[in-house]
Amino acid sequence: MSQHYFDSEKTTHKRFELPGAKPHYNPDRPGQVEHIFLDIGLDIPKQICYGTCSIRLLPVRNGIDRLTLDAVNLQIKSVGVDEIEQNFEYDGEKLCIHLSQPSKIGNSLLIAIAYAAEKPQRGIYFIQPDKHYPHKPTQVWTQGEDEDSRYWFPCFDYPGQLSTSEIRVRVPHPLVAISNGELIETVDSGEYKTYHWSQQQVHPTYLMTLAVGDFAEIRDEWQGKPVTYYVEKGREADAKRSMGKTPQMIEFLSEKYGYPYAFPKYAQVCVDDFIFGGMENTSTTLLTDRCLLDARAILDNRNTESLVVHELAHQWFGDLVVIKHWSHAWIKEGMASYSEVMWTEREYGEQEAAYYRLSEARSYLSEDSSRYRRPMVTHVYREAIELYDRHIYEKGSCVYHMIRAELGDELFWQAVQTFVQDNAHQTVETIDLLRAIEKATGRNLAFLFDQYVYRGGHPDFKVAYSWDGDANLAKVTVTQTQVEADSKDLFNLKIPIGFGYKQNPKLTTFTVRVHEKEQSFYFPLTEKPDFISFDVGNNYLKTVKLEFPIAELKAQLEFDPHPISRIYAAEALATKGGLEATQALSSALKNDPFWGVRAEVAKQLAEIQLDQAFDGLVPGLDDPSPFVRRAVISSLSQIKTHSSYKAVKNFVQHGDESYYVEATACHTIAAIAATNLEDKSHEDKVIKLLKSVLEERAGWNEVVRSGAIAGLAEFKTSEVALNIILEYTKIGIPQPLRLSAIRALGKISTGQTAANIERILDRLAEIARETFFLTQVAVLTALGQMETRKAIGILQSLANQTTDGRIRRYAEEEVAKVQNNIGTDKTLRQLREELDQLKQQNQELTSRLENLEAKSK
Ligand SMILES: [Zn+2]
């Protein structure tokens, strides 16, 4: 397909660089920052942070008479150097100090800046209850990455400067303050308490943090070092349940990275309204309190465990070994994402780890095909935060895995340990990783980095197979479909191809070099293999399309030892369709030992346009794994029949032990009823049912009620459904539910009357004025799904007004989506719907025919 076609001249991929993107470099350094000391107080009701920021700087050369610091929207009261007042200029972004004495090498300068940050827009966040949310806790927390520390204290704000740091902060009782390093002193002075924290290992400004709140503290330890969890009081059990594996993880990563955890303590603070999942501030990670699990949520939520290990891994990759410039952020984000795979492997086994890797790969692949393609390392952007995408996280993780596969386990860990040990407490660039690999193993992996790191993309393989019985030869033809012949963007990789036999679980494997547009390989075998396994181990980041005969695919689905290969076989079988494929998939859904394969098989079954697919899916509703039940129910949304409706309704009415299964059922039943071609009467019944779910099933993170809202959005022409959704966008509704309702306005808008579309636009325009990051993202998502030019106006005003680079970028991308939506002609959509109806009728006929044929055999 043309979507997969790519070369540097004729690209169909959207560009990563938006208008205004330019190269970014670290600034020239006037010297080495040795120490930063913030001595501050907080006026929480007025949202003011004030005090003195002292910076000790060792000049790099003689004669420097100007120093320029980053400081955004601060009030600068005075600047002193070695206790002598200095002249300065301040334009609201840069603070320029005119030194009365030019610098001398060897004489460090102590710069003291008295300042205040009043109602800061970024960097430091004041959370307080209000009349709409009276139970909101009072908290103050910071977020420095990437260039936001300058919003709460003046600094040389780039990751290339490492220094020790100290924060002394006065907070009102009963609040506690947590920060980097060790607590060296607390002073009680009646109404207030002063906390003095000291971080004696060097780190960059973006990792300096402060978290203030009335927290419960849960104490754990690792090798005598305190490991602490801070949560809102009353959630102590959730804290232990969600973060309790931390000491084991510290042990695991200390060993793998060959460097014992470097800091004096490890604290995790769960804060309200956090704008990321987590942030790895040195020795003090902040996490969103949405990650705290209750006893039911932990059944099928692994996200929290992954988040905890991800942020912990950064204590080595990011905090101990610091990236010199944002363009190399993949080194830390890729490894932190790979630590999720590593931890999954150690905790749940190799199959689960392989499946986790597949989901990471898919996440990157979807960004690559639908958003943009870019090299993982690039310094051309508008704002550094734009780089924090699936290319550096998920693709980064896949690249680390390929390095591991290329070197083998032993050498890989030696290389990683060399990299960490040689660069501890220093800054690094991508080349340092290559050098460490070469130093530890002698291997030069530049070829791999050239193909996967320094340029965008990945190979798209098509693999065909045939057997020559006379010569006992297997022929495997591999095509790289992502490029034209002779392109410099062809991949050159050594790929293992395996041949398997039902009786023997061990594959016969040959490794071949794949480097041309199309290559055929011939393998002499003693007997005809039952199945073929391309890229044994599935270590390469790729897409793959198998063109094997149905018998080989069936055997692979049943017997290939690698779960990802079985999943590829399931995909290829579903493409073939027909009764034989359906039966093979149905049997895998019942029998595959790994839930990941069963969940994938469920998805593939629903792709087959045969009524027998439904019969194959039904047993999966009783699967012991909630992940599989969720996949089966979700798949049933493709099968719009009365039986399917009844099966799902059972889950909506009687629930499931998993929140997510229940939520999926609420969404799916509506998806079936909204397009049920046999019968429209279900619509009213389902809306009533979902309304009762909304009234009765408030609960953990509002997962179930959000499922009901997503369900209502399926009824695109229903005003009743729209009115319910609008109700839940009101301020005062629990935040996660409200965000779901805001997002749902986009989907439901597409079938509404002109008058209702106006109501939706008015509502979204009003909500867009709220400044909370997640609310703005929800508004953008909704607007991006709309099919009216008027949505563009709101998107553009959001893009113009925001101080957040992510919001600005999303808003511009959503504008393009709306333009695209408008382009889709109404009559074309009508034709599509008619085509769907025909397909449905055709499916009934084919199903009957297949049954007749099966009987006659
Ligand atoms: Zn991260």
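**A chat about sheet, zinc site, helix and cysteines**

Student: How many bridges are there between strand 10 and strand 11, and in which sense do they pair?

Tutor: In this predicted model, strand 10 and strand 11, the latter covering residues 139–142, pair in the antiparallel sense over 4 bridges. Within that pairing, Tyr-125 stands opposite Trp-141 in strand 11.

Student: What is the order of the strands in the sheet?

Tutor: The sheet is open, has 4 strands in the order 10-11-16-13, and its pairing is antiparallel. Strand 10 (124–127) and strand 13 (176–179) stand at the edges with a single partner strand each, so one side of each is left without a neighbour in the sheet. From one strand to the next, the twist averages 15°.

Student: Switching to the metal, which residues are the protein donors of the zinc ion?

Tutor: The protein donors are His-310 and His-314, each through NE2, together with Glu-333 through OE, and they lie 2.0 to 2.1 Å from the zinc ion. Along the sequence, these donor residues are spaced H-x3-H-x18-E. The pair of His-314 in helix 3 (residues 303–314) and Glu-333 in helix 4 (residues 330–348) links distant parts of the chain, the two being 19 residues apart.

Student: Is His-314 buried or exposed, and what about Glu-333, buried or exposed?

Tutor: His-314 counts as buried because its relative accessibility is 1%, and the cut-off for buried is under 20%. Glu-333 is also buried, with a relative accessible area of 2%.

Student: OK, helix 17 next: how far apart are its end C-alpha atoms, and what should it span?

Tutor: Helix 17 runs over residues 659–674, and at 1.5 Å a residue its 16 residues should span 22 Å, which agrees with the 23 Å between its end C-alpha atoms. Since 15 of its 16 residues are buried, helix 17 is largely enclosed by the rest of the structure.

Student: Which residue caps the N-terminal end of helix 17?

Tutor: Ser-658 does, with a side-chain oxygen that lies 3.1 Å from the backbone nitrogen of Tyr-660.

Student: Last topic, how many disulfides does a search of the whole structure find?

Tutor: The search finds 0 disulfides. Cys-53 is in none, and the nearest cysteine sulfur to it, that of Cys-155, is 7.1 Å away. For Cys-270, also in no disulfide, the nearest cysteine sulfur is that of Cys-291, 4.5 Å away, whereas a disulfide would need the two sulfur atoms within 2.5 Å.

Student: And is Cys-270 buried or exposed?

Tutor: Cys-270 counts as buried at 2% relative accessibility, and Cys-53 counts as buried at 0%.

Conventions:
Residues are numbered from 1 along each chain as its sequence is written. This is a predicted model: local features need pLDDT of at least 70, side-chain atom pairs count only at pLDDT 80 or more; totals for chains, interfaces and linings use all residues. Side-chain values use heavy atoms; hydrogens and water are left out. Two strands pair if DSSP finds at least two bridges between them. Axes are lines fitted to C-alpha atoms, for helices over the stretch in contact, and angles run from 0 to 180 degrees between N-to-C directions. Donors are N, O and S atoms within 2.8 Å of the metal (3.2 Å for Na, K and Ca); water is not among the atoms, so sites may look incomplete. Buried means under 20% relative accessible area, exposed over 50%, partly exposed in between (1.4 Å probe, protein chains only). The expected span of a helix is 1.5 Å times one less than its number of residues. A polar contact is a pair of N or O atoms within 3.5 Å; within protein, one must be able to donate a hydrogen and the other to accept it, and residues adjacent in sequence count only if both atoms are side-chain atoms.
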